[in-house]
Amino acid sequence: MNHLQNSLKINAIFSSISGAIMILSHKSLAKLFGTDNNTVFWVTGVILIYFSLTIWYEIGKQRKLAVIWIIVQDYTWVLGSLVLILLNPFAITPIGNWIIGAIALIVLFMGVNQTIALKKTSTTNS
């Protein structure tokens, strides 16, 4: 496996595990985040599982545009997390904000790692 495939694999595994946790623990997470609405957690979990499946598919293909789209989605997640933490429009608990921030840092690391790997792959293929 090359660097790009490994980078994507880490993202796919993390997204799969995160999605499964959100689906299986949606009620507990809602309490931890200080809300009665647990729907957002299992819906986000399902979306993460779907996202991870698209990454698994792309590990073999390594199409540049598709990988860029994965990276854009990672950076969008980080930006959205930052907005949630700074504006706190849903009165999320402090521990909820810490969780959002920690996950955003992990996703940021994955996005940067994938960007570097894609650049190396593109340079090698040129």
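The protein chain exposes about 7700 Å², and carbon and sulfur atoms supply 73% of that area. Accessible areas come from the Shrake-Rupley method with a 1.4 Å probe, and for residues only the protein chains shown count as cover. This is a predicted model, in which local features need pLDDT of at least 70 and side-chain atom pairs count only at pLDDT 80 or more, while totals for chains, interfaces and linings use all residues. Residues are numbered from 1 along each chain as its sequence is written, and side-chain values use heavy atoms, with hydrogens and water left out.

**Overall layout**

- The protein chain has 5 helices and 0 strands; helices (H or I, at least four residues) and strands (E, at least two) are DSSP runs, numbered from the N terminus.
- Read along the sequence, the pattern is α-α-α-α-α.
- Along the principal axes, the C-alpha atoms fill a box of roughly 50 × 25 × 20 Å.
- Of the 126 residues in the protein chain, 36% are buried; buried means under 20% relative accessible area, exposed over 50%, and partly exposed in between (1.4 Å probe, protein chains only).
- Among contacts (heavy atoms within 4.5 Å) with a separation of 6 or more, 70% join residues 24 or more positions apart.

**Nonpolar cores**

- A nonpolar core is a set of buried Ala, Val, Leu, Ile, Met, Phe, Trp, Tyr and Cys residues joined through side-chain atoms within 4.5 Å.
- The largest nonpolar core has 11 residues, including Leu4, Leu8, Phe51, Ile70 and Leu118.
- Helices H1, H3, H4 and H5 each give two or more residues to this core.
- Another core, of 8 residues, lies apart from the largest one, and Leu29, Ala30, Phe33 and Phe41 are among its members.
- In soluble globular proteins, nonpolar side chains tend to be buried together.
- Ala12 belongs to the largest core, and leaving aside neighbours within four places in sequence, Ala12 is in contact with Ser52, Ile55 and Trp56.
- Ile59, also listed in the largest core, lies in helix H3 and counts as buried because its relative accessibility is 6%.
- Not counting residues up to four places away in sequence, Ile59 touches Met1, Gln5, Leu8 and Lys9.
- Ile59 and Tyr75 are 16 residues apart along the chain, and their C-alpha atoms are separated by 19 Å.

**Polar residues in the helices**

- Asn11 lies in helix H1 and counts as buried because its relative accessibility is 0%.
- The contacts of Asn11, not counting residues up to four places away in sequence, are Phe51, Ile55, Ile70, Asp74, Met110 and Gln114.
- Gln5 is also placed in helix H1 and is buried, with a relative accessible area of 15%.
- Leaving aside neighbours within four places in sequence, Gln5 is in contact with Ile59 and Gln62.
- Thr115 lies in helix H5 and counts as partly exposed, since its relative accessibility is 33%.
- Thr115 is in contact with Ile71 and Tyr75, leaving aside neighbours within four places in sequence.
- Thr115 and Arg63 are 52 residues apart in sequence and 13 Å apart in space, C-alpha to C-alpha.

**Loop residues with positive phi**

- Gln62 is found in the loop between helix H3 (39–61) and helix H4 (64–87).
- Gln62 is not a glycine, although it has a positive phi of about 55°.
- At 23% relative accessibility, Gln62 counts as partly exposed.
- Asn88 sits in the loop between H4 and helix H5 (94–125).
- Asn88 has a positive phi of about 45° and is not a glycine either.
- The relative accessibility of Asn88 is 26%, so Asn88 counts as partly exposed.

**The largest pocket**

- On a 1 Å grid over the protein atoms alone, a pocket is an open set of points where a 1.4 Å probe fits, with protein on both sides within 12 Å along at least five of seven lines; lining residues have an atom within 4 Å of a point.
- The largest pocket holds about 1100 Å³ of space; grid points are joined across faces, edges and corners, and a volume is the space filled by probe spheres set on the points.
- The largest pocket is lined by 39 residues, of which Met22, Thr44, Leu48, Trp77 and Leu84 are the closest to its centre.
- Helix H1 (3–24), H3, H4 and H5 each supply at least two residues of this lining.
- The lining divides into 24 nonpolar, 12 polar and 3 charged residues; Ala, Val, Leu, Ile, Met, Phe, Trp, Tyr, Cys and Pro count as nonpolar, Asp, Glu, Lys and Arg as charged, and the others, Gly among them, as polar.
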